Amino acid sequence: MSAGQVNGKDRAMITVRNLRKKFGDVEVLKDINTEIHKGEVISIIGASGGGKSTFLRCLNLLEQPSGGEIIINGVNILDPATNVATVRQNMNMVFQSFNLFDHMTALENLTLAPMKLKGMAKADAEQHGMELLRTVGLAERAHYFPHELSGGQKQRVAIARCMAMSPEIILFDEPTSALDPTMVAEVLAVIRKLAREGLTMLIVTHEMEFARDVSNRVFYMDDGRIHEEGPPAQIFDNPVHERTLAFVHHARSWRHTFHSPDVDPFTMHGEIQRFGEKQFLSRQAIYNLQLLSEELLQQLMPALRQGKTFELAVQHSEQAGTLDAFLTLPAGSPNPLEATDEDHALSLALIRYLSADTRFQQFEDCSRLSFKVNQQPRG
């Protein structure tokens, strides 16, 4: 019995078998096999170039697979006899770059497809479009053109336009990657709302905490394969495969290597800001981390002028609620917090103020200073 003929709520809505995709001699997808059930929210994570976006584009036939089967509601959509236009009406896609029609208002962007493809009357399409704009919080901007909207608002219009065709499945290809960090939260809130309404969704995302929060299952993709899939608790807390563990660990970390005294502190602050926002750290925690990094840099400046190299790494554990910092120094380096130079006294005091549980260790190949970053104001 095929996947599309199984009765009951456990019937797979999407079945993928031996899916492959090649661009010339480069195999981008390698033997993908999975099932997705009605109402599931699947987040797809992994490093850039691992095949995540290509996988979505193959599901929607924006890319023609090189082999395998994609069965949606019992229909093999790779069969030449399949009506691709009908498939795309039931499975819609939200892209990174909005793809709105610049010469149309937000409402006109929503009404075009229902009128052209479904034959919906203009009045009905506009009424439905206004309901969807209310759903994404943009009814008051119905008659604005895309250039009059912020990036986050454009993406919310794009999501509403996708919903206008009443699809059963929505594919999101990194829907927040083109947005300023301040606009990410509004788009993620809309996607969370759709998830609560029971839509089947596949979401390629680099927002790890969002993936943990919104998903029924998470796929970790690398090198054109799904290396691991499972509930968020498994993928993020107890991954089975080493590749998954390495990726998740890296996603929760920020690293910066200092090679010279000519460090750009503004770039460093910006990187810490983006890391903190992705980890949903408080403003105070982000500020403390930025200030701590700056003061550590001041302590290291004399050694940097001598040509030495240092690495600062920060790791966040949502489960433990901790923010840990690790400063790796060349082998034989002294503890920078034991300096007695009066010029560094204020800097040392600030470092101790901003951190706790400091530990200095010396190994054969390096020295390491580790401490917990205080995330709250100190009294």
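Biologist: In which order do the 5 strands of the open sheet stand?

Modeller: This is a predicted model, in which local features need pLDDT of at least 70, side-chain atom pairs count only at pLDDT 80 or more, and totals for chains, interfaces and linings use all residues. Residues are numbered from 1 along each chain as its sequence is written, and side-chain values use heavy atoms, with hydrogens and water left out. Strands here are DSSP runs of E with at least two residues, numbered from the N terminus, and two of them pair if DSSP finds at least two bridges between them. The pairing in this open sheet is antiparallel, and the order is 11-12-13-15-14.

Biologist: Why is one side of strand 11 and of strand 14 left without a neighbour in the sheet?

Modeller: Strand 11 (253-258) and strand 14 (355-362) stand at the edges. One side of each is left without a neighbour because each has a single partner strand.

Biologist: How many bridges join strand 13 to strand 15?

Modeller: Strand 15 covers residues 366-373 and runs antiparallel to strand 13, and Asp324 stands opposite Lys372 of strand 15. The number of bridges joining strand 13 to strand 15 is 7.

Biologist: Is Ser333 buried or exposed?

Modeller: Ser333 is placed in the loop between strand 13 (322-330) and helix 12 (345-354), where a helix is a DSSP run of H or I with at least four residues. Buried means under 20% relative accessible area, exposed over 50%, and partly exposed in between, with a 1.4 Å probe and protein chains only. Because its relative accessible area is 7%, Ser333 is buried.
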